[in-house]
Amino acid sequence: MLRIEGLTKRYRTGDLALEGVDLEVPAGQVMGLIGPSGAGKSTLIRCINRLVEPSAGRVFLGGAEVTGLGRAQLRAMRRRMGMIFQEFALVERLTVMENVLSGRLGYVPFWRSLSRRFPPEDVTKAYRTLDRVGLIDHVDKRADALSGGQRQRVGIARALVQDPDILLIDEPTASLDPKTSRQIMRLIGEICSERGLAAIVNIHDVGLAQMFLQRIVGLRHGKVVFDGPAEALKPDVLTQIYGEEDWTRSIRDDEEDGDAARADRKHGDHAAEPERERLAGLT
Amino acid sequence: MPVAHAADGRVAWRRRTPRQDLLRWFGWFLLVALTVFCWQVMTQDTIWSFVADAPTQAADIGQRMVPPRWEYMDRLWWPLWDTINIATLGTALAVVLGVPVAFLAARNTTPSATFVRPLALLVIVSSRSINALIWALLLVTILGPGVLAGIVAIALRSIGFVAKLLYEAIEEIDQAQVEAVTATGASPAQVMDYAMVPQILPAFAGITVFRWDINIRESSVVGLVGAGGLGLQLESSLNVLAWPQVSLILLVVLATVLLSEWVSAKVRHAII
């Protein structure tokens with residue numbers, strides 16, 4: 001689905017953010033990208049949709065080369081890549097609906113988008129997506145009236161209405177509390193498997209990454225230093241990615257799913273939990 | 001932050017070193033000295049007998065001004081209407097011309113930071129550096145006396161104001177929102193419509209209403225040089241020393257300004 005070859009980015013300041021990154025993400029795979037701050041995670045996903053222009057290397061999406069496209073073709077290509085942001089990056093003064101419909105801008109001519117007269121199919125799609133992420137009651141609210149978790153759901157909906165082939169997700173949980181973080185990660189996982197979407201998720205929380213992602217790629221100083229299944233993340237690997245530290249407590253324990261999961265168990269009722277948790281904080 | 005270790009082991013902290021303290025006192029001393037000197041220069045040519053006379057003179061004019069000649073109001077309604085129109089149309093024209101200039105001047109939207117931006121900044125500076133009254137003076141000779149000269153004068157003076165404040169607002173927008181909309185595959189025009197305009201709209205409304213409010217005052221003055229409105233009446237009244245009329249005009253101006261301030265406060269409150 002996504003193939004990256006020798007991707008290198010040197011900023012004008014001279015900082016080498018990425019150095020010859022080779023990576024392949026097959027269709028339907030949700031891949032986690034971990035690494036210390038400044039390792040180049042954000043640069044990497046921004047080089048894929050060319051919000052940041054790579055200095056060298058090539059990016060292919062479904063066989064088509066993204067690097068080297070002209071402006072209009074690049075815009076058409078960006079429609080196939082949904083992006084979700086750390087601080088949500090919603091347009092605060094627009095309504096939830098306008099934010100979600102902005103995901104369709106690549107498909108709609110300027111005059112239609114200016115008068116907010118989107119094609120009926122787009123509106124239906126937006127409603128369906130908002131329903132899926134659990135925000136159907138908040139359609140007409142302004143984005144700045146929502147809570148963090150709700151905003152990220154709007155961000156997810158905006159990316160989904162693009163009908164993307166891949167999601168580029170930049171620290172989706174960094175501004176959220178632990179519980180909401182899990183809900184959001186779970187939602188992303190569910191949606192990707194429902195739609196067979198591939199995704200790259202930049203994430204800081206190693207425990208969360210292990211809980212929801214199958215494959216982890218570790219980035220350090222702009223180079224891939226680890227690529228393997230989540231279970232293979234052992235202290236020595238983390239040391240390789242992040243540097244020396246006592247890692248035993250940040251790695252997921254197979255017997256216990258971490259603090260929140262323990263708390264869940266106390267409540268009993270296992271089956272209803274995910275659904276309830278998914279909708280918690282929305283009312 | 002000088003830190004001194006006393007003999008008993010305690011640490012003394014002060015905001016500045018003694019040297020910095022001394023320099024600061026010296027700076028204040030210079031400022032006071034300069035003020036005294038300037039006062040002397042300023043009052044060199046003052047004829048003190050005139051100043052001593054001032055209260056009597058002021059009282060005299062004040063006496064002549066009251067009561068205002070209320071009947072004169074009949075002849076003020078039309079100029080008053082002109083004044084409001086000059087301000088409103090002038091502001092509208094300034095907004096139409098100033099908004100593109102602002103986008104050309106803002107670092108994050110200018111098409112070229114080396115060529116276009118300095119030009120846009122030049123437009124802003126030259127518009128701001130010339131007072132509306134002087135613009136009016138020039139325009140009355142070019143366009144002839146009347147309301148049109150007033151409108152254009154007000155507009156020319158306001159372009160810089162509107163463009164400067166607006167481009168500062170544009171430069172302060174949250175770039176993440178722009179990035180997010182760009183990432184959907186939107187065209188530059190759509191990015192502007194969806195990511196930028198919503199962010200600058202409150203600033204835009206505030207700036208426009210604020211400038212309109214200022215322009216109400218300015219437009220009551222441009223008539224002094226023949227550019228229409230209340231100023232025209234003011235000038236003719238002053239020329240014939242018709243003080244009761246002057247006081248009435250000043251009252252009308254005061255009332256108009258109060259009204260415009262009330263309106264602009266309401267509008268700003270409603271939008272933000």
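The following dialogue explains how to read several features of a predicted model.

Reader: How are residues and chains labelled, and which cut-offs apply to this predicted model?

Author: Residues are numbered from 1 along each chain as its sequence is written, while chains are lettered from A and ligands numbered from 1 in the order in which they are written. Because the model is predicted, local features need pLDDT of at least 70 and side-chain atom pairs count only at pLDDT 80 or more, whereas totals for chains, interfaces and linings use all residues.

Reader: Is strand S7 of chain A covered or exposed?

Author: A strand is a DSSP run of E with at least two residues, a helix one of H or I with at least four, and both are numbered from the N terminus. A residue is buried if 20 or more other C-beta atoms, placed from the backbone, lie within 10 Å of its own, exposed if 12 or fewer, and partly exposed in between. Strand S7 (residues 166-170) is mostly covered, with 5 of its 5 residues buried.

Reader: Which residues lie on each side of S7(A)?

Author: In a regular strand the side chains alternate between the two faces of the sheet. Here A:Ile166, A:Leu168 and A:Asp170 are on one side, A:Leu167 and A:Ile169 on the other, and all are buried.

Reader: Which strands are joined to S7(A) by bridges?

Author: Two strands pair if DSSP finds at least two bridges between them. S7(A) runs parallel to strand S6 (residues 81-84) of chain A, with 4 bridges, and parallel to strand S8 (residues 198-202) of chain A, with 5 bridges. A:Leu167 is the bridge partner of A:Gly82 and stands opposite A:Ala199 in S8(A).

Reader: What order do the strands of the open sheet of 4 strands have?

Author: The order is S2-S1-S4-S5 (chain A), with antiparallel pairing. Strands S2 (16-25) and S5 (64-65) stand at the edges with a single partner strand each, so one side of each lacks a neighbour in the sheet. Helix H1 of chain A packs on this sheet, touching strand S1 (2-10), S2 and S4 of chain A; a contact requires C-beta atoms, placed from the backbone, within 7 Å.

Reader: Why is H1(A) described as largely enclosed?

Author: In H1(A) (residues 41-48), 7 of the 8 residues are buried, so the rest of the structure largely encloses this helix. Among the buried residues are A:Lys41, A:Leu44 and A:Arg46. Just after H1(A), A:Arg50 takes a positive phi of about 60°.

Technical notes: Contact = placed C-beta atoms within 7 Å. Axes fitted to C-alpha atoms, helices over the stretch in contact; angles between N-to-C directions.
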